[in-house]
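I open the notebook on this chain and note down what I looked up, entry by entry.

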Amino acid sequence: GRFIRRWKDHYTTELLTYIIATPTFIILLWLFFDKITTKTMAVTISMTFFMLSGAVLKDIKDTTSDELAGLKTLAVVFQPKTLLKTSIILLWIYYTTLVLFTLVGVYDISTLIALAPALGLFYATVKFIKNNWLITTSLVKPIKVKIYSNLLSVSLFAISGLLSPT
């Protein structure tokens with residue numbers, strides 16, 4: 001720490017770490033079970049957007065302490081509403097990848113079941129927009145709905161992958 005700072009101390013290196021480490025980790029896990037295919041890359045893309053949506057929000061709770069420590073994390077540099085918008089956009093991209101990769105035949109049609117929880121994300125998105133993207137106590141329920149719908153979607157995505165014939 002004295003000569004080389006941690007990568008998570010600055011948002012650019014932190015983002016770079018997530019952008020490189022997330023897909024690399026997913027591919028590594030895949031290689032334990034099968035060879036790299038088009039489906040591997042599709043799952044990697046979908047899951048990277050999903051994981052990045054959470055990564056952009058993770059430091060919001062530590063904003064004050066990070067700022068006092070002189071760190072330039074995402075939460076220190078960007079407003080919470082910007083990070084929330086980014087997270088929502090990344091989640092919608094995740095859902096879009098599920099549709100696109102199903103349409104082109106990379107994912108089995110059963111993957112579309114993982115879209116059902118998008119209704120929860122839609123509900124949360126509408127509430128966030130109505131609240132002008134400001135994080136207040138009135139958003140506790142929409143945030144919980146967002147979290148649970150995301151977990152349900154990724155669970156259904158995994159189950160559909162396990163049950164698909166290919």
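Which residues of α2 are buried? I worked on a predicted model, in which local features need pLDDT of at least 70, side-chain atom pairs count only at pLDDT 80 or more, and totals for chains, interfaces and linings use all residues. Residues are numbered from 1 along each chain as its sequence is written, and side-chain values use heavy atoms, with hydrogens and water left out.

**Entry 1: helix α2.** I took as buried a residue under 20% relative accessible area, with exposed over 50% and partly exposed in between (1.4 Å probe, protein chains only). On that basis the buried residues of α2 are Lys39, Thr40, Ala42, Val43, Thr44, Ser46, Met47, Thr48, Phe50, Leu52, Ser53 and Ala55. At the N-terminal end of α2 I found Thr37 as the cap, with a side-chain oxygen 3.2 Å from the backbone nitrogen of Lys39.

**Entry 2: the whole chain.** I counted seven helices and zero strands, both being DSSP runs numbered from the N terminus (helices H or I, at least four residues; strands E, at least two). Of the 166 residues in the chain, 36% are buried. Among contacts (heavy atoms within 4.5 Å) between residues at least 6 apart in sequence, 64% join residues at least 24 apart.

**Entry 3: the largest pocket.** I used a 1 Å grid over the protein atoms alone, where a pocket is an open set of points at which a 1.4 Å probe fits, with protein on both sides within 12 Å along at least five of seven lines, and lining residues have an atom within 4 Å of a point. The largest pocket has a volume of about 730 Å³, the volume being the space filled by probe spheres set on the points. Of its 23 lining residues, Trp30, Val43, Ala158, Gly161 and Leu162 are the closest to its centre. The elements giving two or more residues to this lining are α1 (11–31), α2 and α7 (140–163), and α7 gives the most, with six residues.

**Entry 4: the second largest pocket.** I noted a volume of about 390 Å³ for the second largest pocket; of the 16 residues that line it, the closest to its centre are Gly54, Leu57, Ile143, Lys146 and Ile147. Here α2, α5 (80–103) and α7 each supply at least two lining residues, and the largest share, five residues, comes from α7.

How values were computed:
A polar contact is a pair of N or O atoms within 3.5 Å; within protein, one must be able to donate a hydrogen and the other to accept it, and residues adjacent in sequence count only if both atoms are side-chain atoms.
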